[in-house]
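Hi there,

Here is the structure I promised to pass on to you. Please have a look at it first, and my notes follow below.

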Amino acid sequence: MAETTTELRKTALNAVHRAAKAKMVDFGGWDMPVDCCGLVAEHMAVRTAVGVFDVSHMGDIQLRGPGSLAAVQQLCMNDASKLAVGQAHYSAMLYPNGTFVDDVIVHKLSDNDYLIVINAGTREKDVQWVRKTIGHMPGVHVNDFSDYYTQLAIQGPRAAETLQKLTSTDLSTIKNYWFTWGQVCGLHNVMIARTGYTGEDGFEIYIPSDEPTSARVWGEVLDAGKEFGILPCGLGARNTLRLEAGMALYGHEISDTINVFEANLGRYAKLDKPEFVGREALLEIQAAGGPKRRLVGLEMIERGIGRDGYPVFSLDGARIGEITSGSPSPFLKKNIALAYVPVDFTALDTEVAVEIRGQQVKAKVVPVPFYKKPKKST
Amino acid sequence: MAYPADYRYTKEHEWIQVDGRIGTVGITDYAQNSLGDIVFVDLPKVGDTVEAKQSFGSVESVKAVSDLFAPVTGTVTEINEELKDAPEKINSDANTTWLLKLELADAAQVDALLSAAEYEKFISEETGH
């Protein structure tokens, strides 16, 4: 395939990925590894051991100042006043009509300091949206720190053991969706967050984005995880992992034409907050009886793979919706998908048909997430 | 990776090994490597006719779908049933894992296909190395 890297953006680890002969792809304008050592091997490494991802392409917006909480509350649908220092939560920025600007993770660094981690493909749009929406509010400064960090995600049941070798911070004290700062690979004040996008336990670390530091830490993580069978992982496995875990991807399950209730994310929208962008639209949707279509999980029951964008039909031949994300599931060994269908078709075990290259292939509605990590017996 | 000298090749990365009037068809090592882990193969039925250069089925990896194009026109005499449950065999050995066998309509069509050397040149140009 022809190389077209001249216009694509690169993370600090780009040369490292290319030297390791990773298969590269254009993801939202970024030259990223899609496959480092085989998608299925990488996926299974994360489910059974540990894998490491370069997710530096994601963005980081800091809101700082005495007015930062009020700004976050206006901007994002979840209730950031419930966060303690060192705690994070899943949230979203909405348009006034209740559809998505982006989904985000909000981190409370201090009473006057919030970090919002945003998607790679929506970096510029999000920063402009934030400045436009709350830039006028008193006592808040908006800083785009996206290029400041190399962000690594270390994910899997052995992720904690792997990262523990590289830090003096006792990782067992960091609960799920909490974070702290510590020394990692000799670097000071590295943010260590117990967050991720795989459905496994894991951590995301934020280190300085210069190439030598990034390459050194990447190498040390791979060395630390070697005894557990760590693999460097690309965006291909990242997608199959998050799909099995039922996690949304912007541009697929959530977008500017999909509202919060359609996407089954109502539990993250705190309507008892007095105000946030999109709140009134959500109340109106509720008052009108809720969404008319909803996101469901599908499992193919006849032979075939339903993929992104494939149409969904009722069994009597009416087109009723579309798959937003669909793929073989490497861990479950089934073909799974997320799709929007009318609410009448959302009951579990409802049978539908997916059109695959002209053929109608049967699927059924199944619960989401498709995969849940096993509970640890402590 | 060697491409067997007695096979002929298409620019869509299929190979055909001809023995009299029967041709055995597969995909090349280059194709399996580009696709990644193959999880699904969609083949015609025994007795179906396939037309040269037309799609006769598909090969799917986790990430992608790739059409299969017939190197020559013919009638399907056999399909590799193993690929229904073990499609990953193609990844392990693309050169010997066959997809189907055809009775050739016109043996002369094979002459228009690429030799192993021509195919290797073609892929090195395509990938730039």
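**What I found**

Of the 378 residues in chain A, 46% count as buried, meaning that 20 or more other C-beta atoms, placed from the backbone, lie within 10 Å of a residue's own. Please keep in mind that this is a predicted model, in which local features need pLDDT of at least 70, side-chain atom pairs count only at pLDDT 80 or more, and totals for chains, interfaces and linings use all residues. Residues are numbered from 1 along each chain as its sequence is written, while chains are lettered from A and ligands numbered from 1 in the order in which they are written.

Chain A as a whole: the radius of gyration, taken over C-alpha atoms, is 21 Å, which agrees with the value near 21 Å for a compact globule of 378 residues (the rule is 2.2 Å times the number of residues to the power 0.38). The C-alpha trace of chain A spans about 65 × 50 × 50 Å along its principal axes.

Chain A has 8 helices and 19 strands (DSSP runs numbered from the N terminus: H or I of at least four residues for helices, E of at least two for strands). Helix 2 of chain A, residues 39-48, is mostly covered, with 7 of its 10 residues buried. Among them are A:Leu39, A:Val40 and A:His43.

Finally, chain B touches chain A through 9 residues of its own and 12 of chain A (contact means C-beta atoms, placed from the backbone, within 7 Å).

Best wishes

Note on methods
A residue is buried if 20 or more other C-beta atoms lie within 10 Å of its own, exposed if 12 or fewer, and partly exposed in between; C-beta atoms are placed from the backbone. Two residues are in contact if their C-beta atoms, placed from the backbone, lie within 7 Å.
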